[in-house]
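User: I am new to this structure and would like to learn how its features are read. Please begin with the idea of a contact.

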Amino acid sequence: MSSSSAPIDWSPMVIGFAAGFISRLISLRTGRTHYPGYPSGYISQLALAIIAAMIGSSVIVSLVGKEFTAATFLTLAATQFRDVRTTERKTLEQEEDLILVARGAGYIEGIAITYEARNYLAMMVALVTSVATEYTGVVIGGVVGIIAIIIGEVYMSGPKIGDMIEVEPAKIHFEKGSLLYVGDVMMMEVGLPHSRERYQKEGMGVLLTPKGRRGQAVLWNVAQRQAISHEAAAAVGTQKDVGYPEQTPLCRMDMPKGSGRAGLSILPVEHNMEALIKAIKNTPVLESGKWSAVTSPVLNRKEME
Amino acid sequence: MADAPTPIMFAIVTTRKESVHGGMAPVFMARDEPERDRIAMWLCRITNCIAHDLHNGTIVLTVNQASNG
């Protein structure tokens, strides 16, 4: 780039880089997916963030300097970020066999997409900021950067379960001897008296009532409910180990009534209803859970409106 | 994922011999209900299966093919 005749103005690049990097840093902090959870994970994310912010911020500088080769190479480098998604997915999929309450394929895909998108977001914030700085000066560029970061944050934080679904504590009890109920939602059949005792003594139950059609469509999604169980277990722990399949936290629909409500039963390590409800409410709504709010005849029922 | 895995009946524990016939699953006879529950629990813990009470003196133990433990 040093071959250009005029001296390079570095300020668009510096400000753009800073904005892009900050945008990525903010989304790293607010991640509620328990990933990345370790310094090594953070380092790799930070490295990607630096690269992304640099690509975004240096495009305009190289274009202004009439270095079209450099600009082309930068767009090439940007395509490398496609691999981020694959890497994330692989990591999480491998972890799936090692954790007691699986995230589920839908949740993993959601996390992977989000991480990929956030790198692109950092890139775009850097690009917008550096363009603004280039043509309007450092002060306005900085302001545009801050606005871009805020807009990115607002639009990137998707809906949460708490936005669409009412979460309330419910009593765990057994009917007909061995059927586990949460409130009036039947969960499963527990054949072992030992486990039934355990559930009655230490179990916690939560009822999920959709606030509208959208919430109901979300709840009918199996992957979504698996994600909810995972978040619940991550928040209060679960008394489960290999060889205790009936002590798995479960999230099931109210069947065969099909009223659209769901129940969640869990044997927690820490008996903390507040933490449990908060974790469920903060579970992100999965992309795969956003399908067809009108296809099921059950969804057309009056009482759900 | 959306379809539940088909459970395989792994064993039958009963106190009422006349209510079950042998098939693909072995039948464990128990003298009384506490013994039946104990046998069922042991088998569950050993083989990672799930117990279902049929409420006629019989407990069936099933294993999910792709159980996540």
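Analyst: Contact means that heavy atoms lie within 4.5 Å. His230(A), for instance, is in contact with Ile99(A), Val101(A), Ala102(A), Arg103(A) and Tyr107(A), leaving aside its neighbours within four places in sequence. This is a predicted model, in which local features need pLDDT of at least 70, side-chain atom pairs count only at pLDDT 80 or more, and totals for chains, interfaces and linings use all residues. Residues are numbered from 1 along each chain as its sequence is written, chains are lettered from A and ligands numbered from 1 in the order in which they are written, and side-chain values use heavy atoms, with hydrogens and water left out.

User: How many helices and strands does chain A have?

Analyst: Helices (H or I, at least four residues) and strands (E, at least two) are DSSP runs, numbered from the N terminus. Chain A has eleven helices and seven strands. Helix H10, residues 222–236 of chain A, holds His230(A).

User: Is His230(A) buried or exposed?

Analyst: A residue is buried under 20% relative accessible area, exposed over 50%, and partly exposed in between (1.4 Å probe, protein chains only). His230(A) counts as buried because its relative accessibility is 8%. Across chain A, buried residues make up 50% of the 305 residues.

User: What is the case for Glu116(A)?

Analyst: Glu116(A) has its place in helix H5 of chain A. With a relative accessible area of 10%, Glu116(A) is buried. Leaving aside its neighbours within four places in sequence, Glu116(A) touches Phe81(A), Arg82(A), Val84(A) and Arg85(A).

User: Which residues illustrate the partly exposed class?

Analyst: Ile50(A), in helix H2 of chain A, is one of them, because its relative accessibility is 36%. Beyond its neighbours within four places in sequence, Ile50(A) is in contact with Phe17(A) and Phe21(A). Ile50(A) and Leu25(A) are 25 residues apart in sequence and 10.0 Å apart in space, C-alpha to C-alpha. In chain B, Glu33(B) lies in helix H1 (residues 33–47), and Glu33(B) is partly exposed at 46%.

User: How is the packing of two helices read?

Analyst: Two packed helices are described by the angle between their axes and the distance between the axes. Axes are lines fitted to C-alpha atoms, for helices over the stretch in contact, and angles run from 0 to 180 degrees between N-to-C directions. In chain A, the axes of helix H2 (residues 39–64) and helix H5 (residues 105–136) come within 8 Å and cross at roughly 35°. Residues making the contact include Ala49(A), Ala52(A) and Gly56(A) of H2(A), and Ala122(A), Met123(A) and Ala126(A) of H5(A).

User: What share of the contacts in chain A joins residues 24 or more positions apart?

Analyst: Among contacts in chain A with a separation of 6 or more, such residues account for 76%.

User: Where does UniProt place the feature "transmembrane region" in chain A?

Analyst: UniProt positions are given in the numbering used here, feature names are shortened, and annotations may be inferred rather than shown by experiment. The unreviewed UniProt entry places this feature at residues 12–30, 42–64 and 135–156 of chain A. Residues 42–64 of chain A are 100% helix and 0% strand, and their end C-alpha atoms lie 34 Å apart. For residues 135–156 of chain A, the span is 95% helix and 0% strand, with end C-alpha atoms 27 Å apart.
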